[in-house]
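Biologist: I'd like to learn how to read helix packing from a model. Can you walk me through it?

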Amino acid sequence: IKYSFPSDSGKLLESALKLYKEKKYTVAKLQFNELISRHYKPAKSNYYLGEINFYQKLYAKAITHFKTSFKLYSKSDYIPSLLLHTGESLLKLKEKSEAKKFFSILMSNYSTSKEAKQARKY
């Protein structure tokens, strides 16, 4: 199947985010990957690819995208969610000590976030 993308990267990002919210993950993945290839907001695109993989239970892939996103831009407002889902992914992969590190970072750096409250349960 051939897929054509809008030439305007901002519109492509809007489309990818809309598809993500509608849980149309297959096409959203294509669009986020296209955005990464264009070097347009690669941290955000990697975060959403991580989220898609997390919800599809592809935990190792999710972790890879979350780590890339964090390395590219560690000050985004989605970082608490990224840390929580990285920790949860590690738990699913039975890497409890690694998961604990992410939960600890989340609780110490974002103590008032709803994600930190969830991390405390682990």
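This is a predicted model: local features need pLDDT of at least 70, side-chain atom pairs count only at pLDDT 80 or more; totals for chains, interfaces and linings use all residues.

Biologist: Where does Asn46 lie, and with which residues is Asn46 in contact, leaving aside its neighbours within four places in sequence?

Modeller: Asn46 is part of helix H3. Once you skip those sequence neighbours, Asn46 is in contact with Ile36, His65, Thr68, Ser69 and Leu72. With His65 there's a side-chain to side-chain polar contact at 2.8 Å.

Biologist: OK, zooming out: how do I read the packing of two helices?

Modeller: Two packed helices are described by the angle between their axes and by the distance between those axes. Here, H3 (residues 42–55) packs with H4 (residues 59–72) at about 160 degrees, and their axes are 7 Å apart. Angles over 145 degrees count as roughly antiparallel, so H3 and H4 are roughly antiparallel to each other. Their crossing is left-handed.

Biologist: What classes of residue make up the contact of H3 with H4?

Modeller: By class, you get 9 nonpolar, 6 polar and 2 charged residues.

Biologist: At what angle do H4 and H5 pack?

Modeller: About 150 degrees for H4 and H5 (residues 79–92), with the axes 9 Å apart. H4 and H5 are therefore roughly antiparallel as well, and H4 passes H5 in a left-handed crossing. Among the residues making the contact are Phe66 and Phe70 of H4, plus Leu82 and His85 of H5. The contact of H4 with H5 splits into 8 nonpolar, 4 polar and 1 charged.

Note on methods
Residues are numbered from 1 along each chain as its sequence is written. Side-chain values use heavy atoms; hydrogens and water are left out. Axes are lines fitted to C-alpha atoms, for helices over the stretch in contact, and angles run from 0 to 180 degrees between N-to-C directions. Helices (H or I, at least four residues) and strands (E, at least two) are DSSP runs, numbered from the N terminus. Angles under 35 degrees count as roughly parallel, over 145 as roughly antiparallel, 65 to 115 as roughly perpendicular and the rest as oblique. A crossing is left-handed if the near helix is turned anticlockwise from the far one by less than a right angle, and right-handed if clockwise. Ala, Val, Leu, Ile, Met, Phe, Trp, Tyr, Cys and Pro count as nonpolar, Asp, Glu, Lys and Arg as charged, and the others, Gly among them, as polar. A polar contact is a pair of N or O atoms within 3.5 Å; within protein, one must be able to donate a hydrogen and the other to accept it, and residues adjacent in sequence count only if both atoms are side-chain atoms. Contact means heavy atoms within 4.5 Å.
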